[in-house]
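Please look through the sequence and the structure shown here before reading on.

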Amino acid sequence: MRCPFCQNQDTRVIDSRAAEEGAAIRRRRSCPACERRFTTQETVLLMVAKRSGVTEPFSRSKIIAGVRRACQGRPVTEDALAVLGQRVEEAVRGRGAAEVPAHEIGLAILGPLRELDEVAYLRFASVYRSFESVEDFEHEIAGLRADRIASREPGE
Ligand SMILES: [Zn+2]
């Protein structure tokens, strides 16, 4: 690990300890060139497997960028997007797998996005579920309406 202060290529680990309830390791490092100290953290990278077979590290900002596109022109704030990104990440990480298929990430986005903005949800779902006809939209909208009525009426 390179020193972030003087860019020296060689640094020494002077202490290692478990962090975040064992989900991470933090290392205190010291640079022999400039004598400064800094801390690094090691965690398991959550990988996303794309349909092409390529894997890449999970990226919350990528998810937010995709949802932001679906939200264009809609009254959705950056804060709301950030919260959605966090919910999706928690849901995906909560599965406890080191690698998740990309389509599961799409699935994890649909629920929170539907609560956030129905129009953006329909846009996103139409791409994600590759809607092919007006009937696909009608079917999805009928589902949204049914849920809305169900949530308005007191249950049983
Ligand atoms: Zn240094």
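The sections below describe a helix pair and a sheet in this predicted model.

## The helix pair H3 and H4

Two packed helices are described by the angle between their axes and the distance between the axes. For helix H3, residues 102-116, and helix H4, residues 118-128, the axes cross at roughly 160 degrees and come within 8 Å. Angles over 145 degrees count as roughly antiparallel, and H3 and H4 are therefore roughly antiparallel to each other. Their crossing is left-handed.

## Residues between the helices

On the H3 side, the contact is made by His-103, Gly-106, Leu-107, Ile-109, Leu-110, Leu-113, Arg-114 and Leu-116. These residues meet Glu-118, Ala-120, Tyr-121, Phe-124, Ala-125 and Tyr-128 of H4. Sorted by class, the contact of H3 with H4 comprises 10 nonpolar, two polar and two charged residues.

## The sheet

Strands of a sheet pair through backbone hydrogen bonds, either parallel or antiparallel. Here three strands form an open sheet with mixed pairing, in the order S5-S4-S6. The edges are taken by strand S5 (55-57) and strand S6 (99-101). Each of these has a single partner strand, so one side of each is left without a neighbour in the sheet. On average, and with direction ignored, neighbouring strands of this sheet are turned by 30 degrees against each other.

## The pairing of S4 with S5

Strand S4, residues 47-49, pairs with S5 in the antiparallel sense over three bridges. Among the residues involved, Met-47 has Pro-57 in S5 as its bridge partner.

How values were computed:
Residues numbered from 1 in each chain as written. Predicted model: local features only at pLDDT ≥ 70, side-chain atom pairs only at ≥ 80, totals over all residues. Heavy atoms only, no water. Axes fitted to C-alpha atoms, helices over the stretch in contact; angles between N-to-C directions. Helix = DSSP H or I, 4+ residues; strand = E, 2+ residues; numbered from the N terminus. Parallel < 35°, antiparallel > 145°, perpendicular 65-115°, else oblique. Left-handed = near helix turned anticlockwise from the far one by under 90°. Contact = heavy atoms within 4.5 Å. Nonpolar A, V, L, I, M, F, W, Y, C, P; charged D, E, K, R; others polar. Pairing = 2+ DSSP bridges.
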